[in-house]
Amino acid sequence: MSENSGFRRIPGHKLIVRALALTAALCMAATSAACGAKGAENKADDGSKLSFMLDWTPNTNHVGIYVARHLGYFDKAGLKLTILPTAQAGAETSVQNGVADVGFSKLSNLATFNSQGADLRQVFNIGQHSVARWCSLASRTDIQTPKDFDGKTFVSFGSAEQTAVVKQMIRYAGGKGDFKRVTSGTNTFATLTSGKGDFAGFYANWEGVESELKGPALHCFTQADWGVPGNPDQLGFVVKNSWLQQAGHRRALTAFVKACLRGYNYALSHPDQAADILVKETKGSAIDPTLAKRSMESIVKEGYWVDSPDQKSISGLINVKDAQDYLDFQFKAGTYRDAKKADPDKAPQAKDLWTDRYVREAADQ
């Protein structure tokens with residue numbers, strides 16, 4: 001949620017902010033894709049090649065993919081994987097337009113895109129518990145509950161989803177839900193410390209860890225504690241439904257998911273080694289090794305990827321009820337628009353945005 005030196009996003013579809021990456025970088029990486037061409041595709045008919053687009057700059061959300069590549073899981077599966085930096089338009093648009101075969105996104109993003117006419121499906125999930133946090137600087141003693149956000153300035157990127165969450169939290173805490181907005185600069189931490197904003201959204205497993213390591217200290221609230229139902233952070237892999245019509249693509253996706261399951265399970269069991277692999281595999285991103293390790297420690301300790309802390313492996317599945325509860329909340333808040341920019345007739349349905357086929361096939365192999 002924060003845009004800082006290690007974990008950046010920009011507004012692509014006015015929902016959740018995403019990573020800043022130059023279109024030129026995509027052109028260099030996607031050698032077989034016509035950069036910026038709406039119908040361009042980067043794939044092989046035999047399904048042996050896959051292109052995967054990140055949603056942010058590389059971080060521990062993606063660690064299982066880099067572990068799988070480093071340990072040769074893709075090679076053993078006969079897959080040639082190209083990892084693309086995120087395009088300015090975002091991973092969702094790139095997958096919809098055929099620039100990438102698979103992208104990293106989350107169910108709540110797909111709800112917005114598909115409401116407007118996209119045809120995307122989530123096929124893998126690591127986010128069993130929400131990592132979103134809503135924070136002020138710890139030095140702001142005038143902010144003790146979300147009610148104290150009333151009348152203050154939210155460091156925002158124009159997201160209707162975020163606005164609905166913050167309003168609900170404030171009202172649940174006894175406030176009116178009225179607040180001002182300011183667009184973040186290149187660093188949300190700096191926007192808060194400069195006094196230009198009073199509170200912002202962060203992610204506990206990265207920026208929260210960064211705050212603990214480097215400061216400034218934050219005082220954070222979890223939306224589930226303040227009247228927002230469900231899990232907004234069921235995040236993982238998305239594809240276009242029509243791409244799945246080719247049998248070769250389906251086989252390749254199952255193999256990809258299987259390799260990534262192994263990669264994420266390795267990271268869960270070997271967090272320090274996985275953090276080292278992430279740093280080595282993404283040298284151009286200059287990830288702080290200490291931040292990567294502490295982030296993995298946080299993921300394991302807090303059980304963000306598993307249903308319960310005693311689990312030793314991830315399921316790769318979504319919690320449909322948690323997903324639907326959150327989508328229903330956002331629908332009632334008026335977040336979604338259809339292709340004509342009108343209110344849709346009903347809330348997006350999690351069961352239509354998700355399939356467990358590829359996780360289950362991967363687990364059975």
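1. Just after α11, Gly 303 takes a positive phi of about 65°. Helices (H or I, at least four residues) and strands (E, at least two) are DSSP runs, numbered from the N terminus. This is a predicted model, where local features need pLDDT of at least 70, side-chain atom pairs count only at pLDDT 80 or more, and totals for chains, interfaces and linings use all residues. Residues are numbered from 1 along each chain as its sequence is written, and side-chain values use heavy atoms, with hydrogens and water left out.

2. The length of α11 checks out. Its 14 residues (289-302) should span 20 Å at 1.5 Å a residue, and the end C-alpha atoms are 20 Å apart, which agrees. The expected span is 1.5 Å times one less than the number of residues.

3. At the start of α11, Asp 288 places a side-chain oxygen within 2.9 Å of the backbone nitrogen of Thr 290.

4. Which residues of α11 are buried? They are Leu 291, Ala 292, Ser 295, Met 296, Ser 298 and Ile 299. They cover an arc of only 155° around the axis, which puts them on the same side of α11. The arc is taken over directions from the helix axis to the C-beta atoms. Buried means under 20% relative accessible area, exposed over 50%, partly exposed in between (1.4 Å probe, protein chains only).

5. The cover over these buried residues includes α2 (63-70), α8 (207-214), α9 (247-269) and α10 (271-281).

6. The structure holds 1 disulfide (cysteine sulfur atoms within 2.5 Å). Cys 135 and Cys 220 form it, with sulfur atoms 2.1 Å apart. The pair links distant parts of the chain, 85 residues apart: Cys 135 lies in strand β5 (residues 132-137), Cys 220 in strand β9 (residues 218-221). The S-S torsion is about 105°, so the disulfide is right-handed. Cys 135 is buried at 0% relative accessible area. Cys 220 is partly exposed at 33%.

7. The largest nonpolar core has 95 residues. A core is a set of buried Ala, Val, Leu, Ile, Met, Phe, Trp, Tyr and Cys residues joined through side-chain atoms within 4.5 Å. Those with the most contacts inside it include Ile 65, Phe 124, Phe 256 and Trp 305. α9 gives the most to this core, with 11 residues.

8. Phe 256 touches Leu 50, Phe 52, Phe 74, Leu 79, Leu 81, Val 102 and Phe 237, not counting residues up to four places away in sequence. Contact here means heavy atoms within 4.5 Å.

9. A second, separate core has 8 residues, among them Cys 135, Leu 137, Phe 189 and Ala 200.

Note on methods
A polar contact is a pair of N or O atoms within 3.5 Å; within protein, one must be able to donate a hydrogen and the other to accept it, and residues adjacent in sequence count only if both atoms are side-chain atoms.
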